[in-house]
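Subject: Structure handover

Hello,

Here is the structure I promised to pass on. Please look it over before reading the notes below it.

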Amino acid sequence: QIDPNIAEAYCVKARYLMSEGDIDGTNKALETALRLEPESWEVNKECGHMIFRQGRIKDAIPHFEKACALMDGDFHDGAMLVTCYHSLGDETNVRRCAQMVVARAEKVVAQDPANGFALGLTAASLAVLGEVERTNEWINRALLIDSENMAMRYNLACTLATYLGDLDGAIDLLVPYFDSVEPTLFQHAEVDPDMAPLRDMPRYRALA
(Lines give C-alpha, C1' and ligand atoms only; values in the text may rest on other atoms or scores of the structure.)
Protein backbone atom coordinates (compact mmCIF):
# COMPACT_ATOMS: atom_id res chain seq x y z
CA GLN A 1 0.00 0.00 0.00
CA ILE A 2 2.87 2.38 0.75
CA ASP A 3 4.50 1.64 -2.60
CA PRO A 4 2.52 -0.56 -5.01
CA ASN A 5 5.44 -0.74 -7.45
CA ILE A 6 7.76 -3.05 -5.48
CA ALA A 7 7.80 -6.24 -7.53
CA GLU A 8 9.42 -8.41 -4.86
CA ALA A 9 6.56 -7.64 -2.46
CA TYR A 10 4.14 -9.29 -4.88
CA CYS A 11 6.35 -12.39 -4.87
CA VAL A 12 6.05 -12.56 -1.08
CA LYS A 13 2.30 -12.10 -1.38
CA ALA A 14 2.17 -14.88 -3.97
CA ARG A 15 3.96 -17.26 -1.59
CA TYR A 16 1.39 -16.66 1.14
CA LEU A 17 -1.51 -16.99 -1.28
CA MET A 18 -0.13 -20.29 -2.55
CA SER A 19 0.24 -21.62 0.99
CA GLU A 20 -3.45 -20.79 1.46
CA GLY A 21 -4.41 -22.62 -1.73
CA ASP A 22 -5.37 -19.47 -3.65
CA ILE A 23 -3.85 -20.31 -7.04
CA ASP A 24 -5.69 -17.55 -8.93
CA GLY A 25 -4.48 -14.97 -6.45
CA THR A 26 -0.97 -16.40 -6.63
CA ASN A 27 -0.83 -16.09 -10.40
CA LYS A 28 -2.24 -12.56 -10.38
CA ALA A 29 0.46 -11.50 -7.91
CA LEU A 30 3.14 -13.13 -10.06
CA GLU A 31 1.82 -11.42 -13.18
CA THR A 32 2.02 -8.07 -11.40
CA ALA A 33 5.57 -8.74 -10.24
CA LEU A 34 6.63 -9.65 -13.79
CA ARG A 35 4.95 -6.59 -15.24
CA LEU A 36 6.80 -4.34 -12.78
CA GLU A 37 10.25 -6.00 -12.98
CA PRO A 38 10.53 -8.44 -15.91
CA GLU A 39 14.34 -8.40 -15.67
CA SER A 40 14.51 -9.10 -11.94
CA TRP A 41 16.40 -12.24 -10.91
CA GLU A 42 14.34 -12.62 -7.75
CA VAL A 43 11.03 -12.21 -9.57
CA ASN A 44 11.89 -14.75 -12.25
CA LYS A 45 13.23 -17.20 -9.67
CA GLU A 46 10.06 -16.98 -7.58
CA CYS A 47 7.81 -17.21 -10.62
CA GLY A 48 9.65 -20.32 -11.76
CA HIS A 49 9.25 -22.05 -8.43
CA MET A 50 5.62 -21.16 -7.87
CA ILE A 51 4.60 -22.08 -11.40
CA PHE A 52 6.51 -25.37 -11.04
CA ARG A 53 4.60 -26.13 -7.83
CA GLN A 54 1.37 -25.85 -9.77
CA GLY A 55 2.57 -28.68 -12.01
CA ARG A 56 3.07 -26.29 -14.93
CA ILE A 57 6.59 -27.48 -15.58
CA LYS A 58 6.94 -26.32 -19.18
CA ASP A 59 5.68 -22.84 -18.22
CA ALA A 60 8.28 -22.60 -15.45
CA ILE A 61 11.23 -23.13 -17.80
CA PRO A 62 11.49 -19.59 -19.26
CA HIS A 63 11.63 -18.11 -15.76
CA PHE A 64 14.37 -20.48 -14.58
CA GLU A 65 16.30 -19.80 -17.79
CA LYS A 66 15.94 -16.06 -17.25
CA ALA A 67 17.08 -16.32 -13.64
CA CYS A 68 20.21 -18.25 -14.66
CA ALA A 69 20.95 -15.70 -17.37
CA LEU A 70 20.54 -12.79 -14.98
CA MET A 71 22.85 -14.17 -12.28
CA ASP A 72 25.85 -16.18 -13.35
CA GLY A 73 26.30 -17.65 -9.87
CA ASP A 74 22.78 -19.11 -9.77
CA PHE A 75 23.19 -22.88 -9.75
CA HIS A 76 19.93 -23.78 -8.00
CA ASP A 77 17.71 -22.64 -10.84
CA GLY A 78 19.99 -24.51 -13.21
CA ALA A 79 19.18 -27.67 -11.23
CA MET A 80 15.49 -26.89 -11.56
CA LEU A 81 16.00 -26.69 -15.32
CA VAL A 82 17.57 -30.15 -15.28
CA THR A 83 14.43 -31.50 -13.61
CA CYS A 84 12.12 -29.67 -16.00
CA TYR A 85 13.90 -30.70 -19.17
CA HIS A 86 14.31 -34.29 -17.97
CA SER A 87 10.55 -34.54 -17.41
CA LEU A 88 10.03 -33.36 -21.01
CA GLY A 89 12.58 -35.80 -22.43
CA ASP A 90 14.85 -33.02 -23.68
CA GLU A 91 18.21 -34.67 -23.00
CA THR A 92 20.23 -32.05 -24.89
CA ASN A 93 19.10 -29.32 -22.50
CA VAL A 94 19.35 -31.70 -19.53
CA ARG A 95 23.06 -32.14 -20.17
CA ARG A 96 23.60 -28.45 -20.94
CA CYS A 97 22.02 -27.41 -17.65
CA ALA A 98 23.73 -30.14 -15.64
CA GLN A 99 27.11 -28.98 -16.94
CA MET A 100 26.20 -25.41 -16.01
CA VAL A 101 25.26 -26.47 -12.47
CA VAL A 102 28.51 -28.38 -11.96
CA ALA A 103 30.60 -25.45 -13.18
CA ARG A 104 28.77 -22.91 -11.02
CA ALA A 105 28.38 -25.02 -7.88
CA GLU A 106 32.01 -26.15 -7.91
CA LYS A 107 33.06 -22.48 -7.83
CA VAL A 108 30.89 -21.98 -4.73
CA VAL A 109 32.38 -25.06 -3.03
CA ALA A 110 35.89 -23.83 -3.81
CA GLN A 111 35.11 -20.67 -1.83
CA ASP A 112 32.89 -22.34 0.81
CA PRO A 113 33.74 -26.05 1.22
CA ALA A 114 30.96 -26.49 3.81
CA ASN A 115 28.15 -25.29 1.51
CA GLY A 116 25.89 -28.34 1.62
CA PHE A 117 23.48 -26.95 -0.94
CA ALA A 118 26.23 -26.59 -3.54
CA LEU A 119 27.71 -29.98 -2.63
CA GLY A 120 24.35 -31.68 -3.07
CA LEU A 121 23.55 -30.10 -6.41
CA THR A 122 27.02 -30.86 -7.73
CA ALA A 123 26.41 -34.50 -6.84
CA ALA A 124 23.00 -34.42 -8.50
CA SER A 125 24.34 -32.95 -11.71
CA LEU A 126 27.27 -35.36 -11.88
CA ALA A 127 24.72 -38.19 -11.66
CA VAL A 128 22.82 -36.68 -14.58
CA LEU A 129 26.07 -36.65 -16.57
CA GLY A 130 26.67 -40.33 -15.78
CA GLU A 131 29.69 -39.79 -13.52
CA VAL A 132 28.59 -42.31 -10.88
CA GLU A 133 31.87 -42.61 -8.97
CA ARG A 134 32.23 -38.85 -8.59
CA THR A 135 28.54 -38.60 -7.71
CA ASN A 136 28.96 -41.00 -4.79
CA GLU A 137 32.06 -39.14 -3.60
CA TRP A 138 30.16 -35.85 -3.55
CA ILE A 139 27.10 -37.40 -1.87
CA ASN A 140 29.25 -38.83 0.92
CA ARG A 141 31.05 -35.52 1.31
CA ALA A 142 27.78 -33.57 1.44
CA LEU A 143 26.23 -35.83 4.09
CA LEU A 144 29.40 -35.81 6.17
CA ILE A 145 29.64 -32.03 6.17
CA ASP A 146 26.00 -30.88 6.31
CA SER A 147 23.65 -33.76 7.11
CA GLU A 148 21.09 -31.43 8.73
CA ASN A 149 20.59 -29.43 5.53
CA MET A 150 17.05 -30.41 4.53
CA ALA A 151 17.14 -28.88 1.04
CA MET A 152 20.32 -30.81 0.33
CA ARG A 153 18.76 -34.06 1.56
CA TYR A 154 15.80 -33.52 -0.76
CA ASN A 155 18.03 -32.90 -3.76
CA LEU A 156 20.13 -35.96 -2.99
CA ALA A 157 16.97 -38.04 -2.65
CA CYS A 158 15.92 -36.89 -6.12
CA THR A 159 19.34 -37.95 -7.41
CA LEU A 160 19.15 -41.40 -5.85
CA ALA A 161 15.59 -41.99 -7.02
CA THR A 162 15.79 -40.67 -10.58
CA TYR A 163 19.37 -41.22 -11.69
CA LEU A 164 20.88 -43.93 -9.46
CA GLY A 165 17.86 -46.16 -8.86
CA ASP A 166 18.38 -46.34 -5.08
CA LEU A 167 14.76 -45.90 -3.95
CA ASP A 168 15.22 -47.03 -0.35
CA GLY A 169 18.25 -44.78 0.01
CA ALA A 170 16.19 -41.88 -1.30
CA ILE A 171 13.44 -42.48 1.24
CA ASP A 172 15.98 -42.72 4.07
CA LEU A 173 17.13 -39.21 3.15
CA LEU A 174 13.56 -37.90 3.06
CA VAL A 175 12.45 -39.04 6.54
CA PRO A 176 13.81 -35.97 8.39
CA TYR A 177 12.89 -33.74 5.45
CA PHE A 178 9.18 -34.49 5.61
CA ASP A 179 9.27 -34.15 9.39
CA SER A 180 10.32 -30.52 9.17
CA VAL A 181 9.27 -28.76 5.95
CA GLU A 182 6.60 -26.12 5.37
CA PRO A 183 3.37 -26.94 3.46
CA THR A 184 4.45 -25.34 0.17
CA LEU A 185 7.37 -27.77 -0.02
CA PHE A 186 4.93 -30.67 0.25
CA GLN A 187 3.27 -29.14 -2.82
CA HIS A 188 6.64 -29.09 -4.52
CA ALA A 189 7.25 -32.77 -3.80
CA GLU A 190 3.77 -33.68 -5.03
CA VAL A 191 4.49 -32.36 -8.53
CA ASP A 192 8.26 -32.90 -8.74
CA PRO A 193 8.96 -35.43 -11.52
CA ASP A 194 12.09 -36.54 -9.66
CA MET A 195 9.84 -37.96 -6.93
CA ALA A 196 7.87 -40.08 -9.42
CA PRO A 197 9.85 -43.30 -8.86
CA LEU A 198 8.96 -43.16 -5.15
CA ARG A 199 5.26 -42.33 -5.18
CA ASP A 200 3.94 -45.90 -5.32
CA MET A 201 6.16 -47.09 -2.49
CA PRO A 202 4.36 -47.59 0.86
CA ARG A 203 7.30 -46.06 2.74
CA TYR A 204 7.06 -42.88 0.69
CA ARG A 205 3.26 -42.64 0.99
CA ALA A 206 3.59 -42.94 4.75
CA LEU A 207 5.91 -39.93 4.75
CA ALA A 208 4.20 -37.66 2.24
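Predicted model: local features only at pLDDT ≥ 70, side-chain atom pairs only at ≥ 80, totals over all residues.

Residues are numbered from 1 along each chain as its sequence is written, and side-chain values use heavy atoms, with hydrogens and water left out.

Aromatic rings

Searching the whole structure gives four aromatic pairs. Here rings of Phe, Tyr and Trp (its six-membered ring) pair if their centres lie within 6.5 Å; planes under 30 degrees apart count as stacked, over 60 as edge-to-face and the rest as tilted. One of the pairs is Y154 with Y177, which is tilted because the ring centres are 4.9 Å apart and the planes stand at 35°. This pair links distant parts of the chain, 23 residues apart: Y154 belongs to helix α9 (residues 150-164) and Y177 to helix α10 (residues 167-180). Helices are DSSP runs of H or I with at least four residues, numbered from the N terminus. Y154 and Y177 are both buried, where buried means under 20% relative accessible area, exposed over 50%, and partly exposed in between (1.4 Å probe, protein chains only).

Y177 also pairs with F178: the centres are 5.3 Å apart and the planes at 80°, so this pair is edge-to-face. F178 is buried, as is Y177. Together with Y204, the residues Y154, Y177 and F178 form one aromatic cluster.

A separate ring contact involves W138: the charged end of R141 sits over the W138 ring, 5.0 Å from its centre. The rule for this is NZ of Lys or CZ of Arg within 6 Å of the ring centre and within 35 degrees of the ring normal.

Salt bridges

The count is nine salt bridges, each being a side-chain nitrogen of Lys or Arg within 4 Å of a carboxyl oxygen of Asp or Glu. E106 and R134 form one of them, at 3.0 Å from N to O. The two are 28 residues apart and link distant parts of the chain, with E106 in helix α6 (residues 91-111) and R134 in helix α8 (residues 132-146). R134 also bridges to E131, with the closest N and O atoms 2.9 Å apart.

R203 and D172 form a salt bridge at 2.7 Å, N to O. This one also joins distant parts of the chain, 31 residues apart: R203 lies in helix α12 (residues 202-207) and D172 in helix α10. R203 is partly exposed at 35%, and D172 is partly exposed at 43%.

Two single residues

T83 is in helix α5 (residues 76-87) and is buried, at 8% relative accessibility. Its side chain makes a polar contact of 2.8 Å with that of D194 (a pair of N or O atoms within 3.5 Å; within protein, one must be able to donate a hydrogen and the other to accept it, and residues adjacent in sequence count only if both atoms are side-chain atoms). Not counting residues up to four places away in sequence, T83 touches F52, D192, P193 and D194, contact meaning heavy atoms within 4.5 Å.

A118, in helix α7 (residues 116-128), is buried with a relative accessible area of 0%. Neighbours within four places aside, A118 is in contact with F75, A105, V108 and V109.

Regards
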